[in-house]
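The sequence and coordinates come next.

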Amino acid sequence: AKRLLLDGVSKRYGNVLALDALTLAVEPGELVSLLGPSGCGKTTTLRLIAGFEFPDAGSVRIGGNDVSALPPNKRGLGMVFQNYSLFPHLTVGENIGFGLRMAGVKRGDIAVQVKRMLDLIRLPGYCDRRIEQLSGGQQQRVALARAIVNDPSVLLLDEPLGALDKNLREGMQFEIRRMQQDLGITSVMVTHDQEEAMTMSDRVVVISHGRILQSGAPREVYDRP
Ligand code: ADP
Ligand code: ADP
């Protein structure tokens with residue numbers, strides 16, 4: 001697992017200062033949740049870590065390397081978004097192995113990795129099912145498997161359970177947390193749900209106007225008067 005560091009990161013869109021010299025270190029294997037009102041800069045933070053955009057000032061470092069110096073496929077990132085973004089016409093196995101295939105990994109090796117992931121997400125035997133035959137929770141587990149199959153250094157979770165109903169969300173909170181801890185992946189999650197942040201995170205970071213307002217263990221942040 002690697003350390004993630006946002007070091008004095010600023011990002012401006014026109015007149016809006018989306019991030020204002022934000023400094024945040026996420027320790028190896030730690031899961032940090034970003035909370036805060038709409039427009040405070042959570043999504044911008046994820047986009048800068050992902051390297052979709054670059055900071056106007058400061059740097060984003062993974063294991064000491066500046067992400068802007070690396071091509072996207074060398075950044076060691078896994079991502080899960082609310083809308084899954086799975087390929088509906090491909091099978092479960094093809095979805096999970098997609099990135100490995102693009103990277104030129106051999107067929108047999110892909111099959112081994114896909115099987116390892118199907119066991120991890122507790123969907124053994126689902127390799128040849130089509131995505132549209134799966135429930136929402138199952139699809140989200142496949143999205144998670146696809147994000148972690150290449151052993152990313154950093155996992156980004158953007159409202160990962162936002163599309164699921166409440167009963168399913170609670171089960172999936174524990175599932176994601178279990179896998180994240182088993183694999184020890186340094187992770188950053190954006191959520192609007194305080195309960196979710198409480199259940200899943202090592203640390204909660206509250207952002208306001210592109211700056212960190214509070215940072216602490218879930219209990220420290222929520223029990224404060
Ligand atoms: P959320 O509030 O759920 O975090 P937003 O709706 O604020 O998400 O943003 C969704 C996407 O739209 C993000 O990629 C963000 O960068 C982009 N975005 C947000 N505000 C603007 C804007 N004023 N103009 C253009 N794009 C925006
Ligand atoms: P959050 O995810 O916390 O809702 P965002 O990071 O999406 O917040 O947005 C932070 C601020 O930056 C907001 O004021 C938003 O409108 C603005 N913003 C984000 N992306 C863009 C964009 N692509 N173009 C213009 N403004 C943007």
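## Backbone and burial

At 68% relative accessibility, His209 counts as exposed; the cut-offs are under 20% relative accessible area for buried and over 50% for exposed, with partly exposed in between (1.4 Å probe, protein chains only). The model is predicted, so local features need pLDDT of at least 70 and side-chain atom pairs count only at pLDDT 80 or more, while totals for chains, interfaces and linings use all residues. Residues are numbered from 1 along each chain as its sequence is written, chains are lettered from A and ligands numbered from 1 in the order in which they are written, and side-chain values use heavy atoms, with hydrogens and water left out.

His209 is not a glycine, yet has a positive phi of about 50 degrees. It sits in the loop between β9 (203-208) and β10 (211-216). Glu159, also not a glycine, has a positive phi of about 45 degrees and belongs to the loop between β7 and α5. Glu159 is buried, at a relative accessible area of 12%.

| Residue | Phi |
|---|---|
| Glu159 | about 45 degrees |
| His209 | about 50 degrees |

Helices (H or I, at least four residues) and strands (E, at least two) are DSSP runs, numbered from the N terminus. Helix α1 (residues 42-50) is largely enclosed by the rest of the structure, because 7 of its 9 residues are buried. Among them are Lys42, Thr44 and Leu46.

Helix α4 (residues 136-148) reaches 19 Å from its first C-alpha to its last, close to the 18 Å expected at 1.5 Å a residue; the expected span is 1.5 Å times one less than the number of residues. Of the 13 residues in α4, 11 are buried, including Arg141, Val142 and Leu144. Their cover includes β6 (77-81), α2 (92-102), α3 (107-120), β7 (154-158) and α5 (166-183).

## Whole protein

The protein has 7 helices and 10 strands. Its radius of gyration is 17 Å, close to the 17 Å that the globule rule gives for 225 residues, so it is as compact as a globular protein of that length. That radius is taken over C-alpha atoms, and the rule is 2.2 Å times the number of residues to the power 0.38. The C-alpha trace spans about 50 × 40 × 30 Å along its principal axes. Buried residues make up 48% of the 225. Of contacts (heavy atoms within 4.5 Å) between residues at least 6 apart in sequence, 69% join residues at least 24 apart.
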